[in-house]
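Hi there,

Here is the structure I promised to pass on to you. Have a look at it first, and then read on for what turned up.

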Amino acid sequence: MSSILNALEKDSDRHLDDLVQWLRIASVSSDSSRKSDVARAADWLMDKFRGAGLAVELVPTQGHPMVIAETAPVPGAPVVVVYGHYDVQPVEPLDQWISDPFDPTVRNGNLYARGATDDKGQVLTHVQSVCDWIANGEPLPIQVKFLIEGEEEVGSENLERMLPDLADRMACDCVVISDSGQYSDGQPAITYGLRGIATYELRIDGPSQDLHSGSFGGAVMNPAIAICHVLSSMVDKTGRIQIPGYYDDVVDLVASEREAWQNLPQDEAAFADSIGVKELFGETGYTADERRWARPTFDVNGITAGHQGEGVKTIIPATASAKFSFRLVPNQDPTKITAALEKHLADHMPPGVRYQLSPDHGAPGMLADTNSRYMAAANTAIEMAFGKKPVLIREGGSIPIVTRFQEVLGCDCLLLGWGLSDDNAHSPNEKFRIADYHRGIRASALLWDQLGKLQPSESK
């Protein structure tokens, strides 16, 4: 591996420049006005693969395209799929960014830009390791296939629908995904579980038009008050969700798992300080790590009602709406959650208003096999690259397609995150520490080497 690792070191400046160029493309998949930018981001990746000699194809979908690339087969060796996404989140509120979100800027050893850590920077670590390995003239010890989509940030619905048709092409022993993070600064991690998700928009309509609050106040139900009432009915002051049946399928954490997490270097006060709050809050009886990794939650993502401009406008708004989401744990079914939610809304909606619930995307949670040979190979590679043994953790976020990979491809999953908890994914001033970007490239190359050492009988 010495020649490969030396080559990666020599190419570090180019690796960073590549990331900067890709981050300049505003590939916001949820914004229809950015459709051409999303296409440009896919084209950039296509050119990167072509330049390294990989077989590559742009696969159209009903939305944004997928990029599929692969190296040459290696008989008897494992086959790995690297999954990631080139689309990014919207940048609002724009006024909270210190620098332009699509003009990547280096400050204090970090690269700031939308998509820096979620997920362009992280998935590019694997692209760089494979492309540089091939450029160095060394035979790659395994076959690597890339499946990079442009719709992860809007639910991966097209990939989920098309995956069965791609199953033969994407057949593999394990899927490698870098779209999560380290446990803490200086403590790398392997993520073996993800929470699922269910998202909704609720609209409540009252009078046929905005009304004067003096002339009509007290005579009609205010839709803004109604939506606040309904949202607050879903969770109590201890963080416990009040929808009947919500916890029916939740599997409690086992004692050994809780003990392992409690042995991690936790500092809840420091965690609170890092995200700018005076104290943490959540479901009683669980630590912050347990609540954010392995307990279900309810969150309001946005509320809209009435006058939003400067000054006062004393009205009863005609309508109010809210976007909200549930993070689900393994074994919870998003469709069952929707049915329970609909009944709860019917039981708690104030009189005098009409409402419409619009489900958006949903996905179950997942757990990976912590005892697999692929997990052991990743453990060795990360320890060599980061200089410290990784810990096993879960992640509170959702990667909707991961469970489908397990179901359709029948493969193991390795969730190897290089980011940090303060990288501001989905928020203003998103960043990726440059040193971790380079360590991620190194860990990726070492992973291919470790997987290549598996005997043929061990690769299945």
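Let's start with a definition: angles under 35 degrees count as roughly parallel, over 145 as roughly antiparallel, 65 to 115 as roughly perpendicular and the rest as oblique. The angles run from 0 to 180 degrees between N-to-C directions, and the axes are lines fitted to C-alpha atoms, for helices over the stretch in contact. Helices (H or I, at least four residues) and strands (E, at least two) are DSSP runs, numbered from the N terminus.

Please keep in mind that this is a predicted model, where local features need pLDDT of at least 70, side-chain atom pairs count only at pLDDT 80 or more, and totals for chains, interfaces and linings use all residues. Residues are numbered from 1 along each chain as its sequence is written, and side-chain values use heavy atoms, leaving out hydrogens and water.

**A helix pair**

Helix α2 (residues 12–23) packs against helix α3 (residues 35–52) at about 155°, and their axes are 10 Å apart. The two are therefore roughly antiparallel to each other. In this contact (heavy atoms within 4.5 Å), R14, D18, Q21 and W22 of α2 meet A41, W44, L45 and K48 of α3.

**An open sheet**

Strands β4, β5 and β18 form an open sheet in that order, with antiparallel pairing; two strands pair if DSSP finds at least two bridges between them. β4 (105–107) and β18 (431–433) are at the edges with a single partner strand each, so one side of each has no neighbour in the sheet. Three bridges link β4 with β5 (residues 110–112), and R107 has N110 as its bridge partner in β5. Helix α14 (residues 434–452) lies across β4, β5 and β18, at about 65° to β18.

**A buried strand**

Strand β17 (residues 412–416) has four of its five residues buried, so it is largely enclosed by the rest of the structure. Buried means under 20% relative accessible area, exposed over 50%, partly exposed in between (1.4 Å probe, protein chains only). β17 runs parallel to β7 (residues 174–177), joined by four bridges, and antiparallel to β8 (residues 189–194), joined by two.

**The core**

A nonpolar core is a set of buried Ala, Val, Leu, Ile, Met, Phe, Trp, Tyr and Cys residues joined through side-chain atoms within 4.5 Å. The largest one has 99 residues, of which F146, V175, F405 and W448 touch the most other members. Its largest share, nine residues, comes from α14.

Enjoy exploring!
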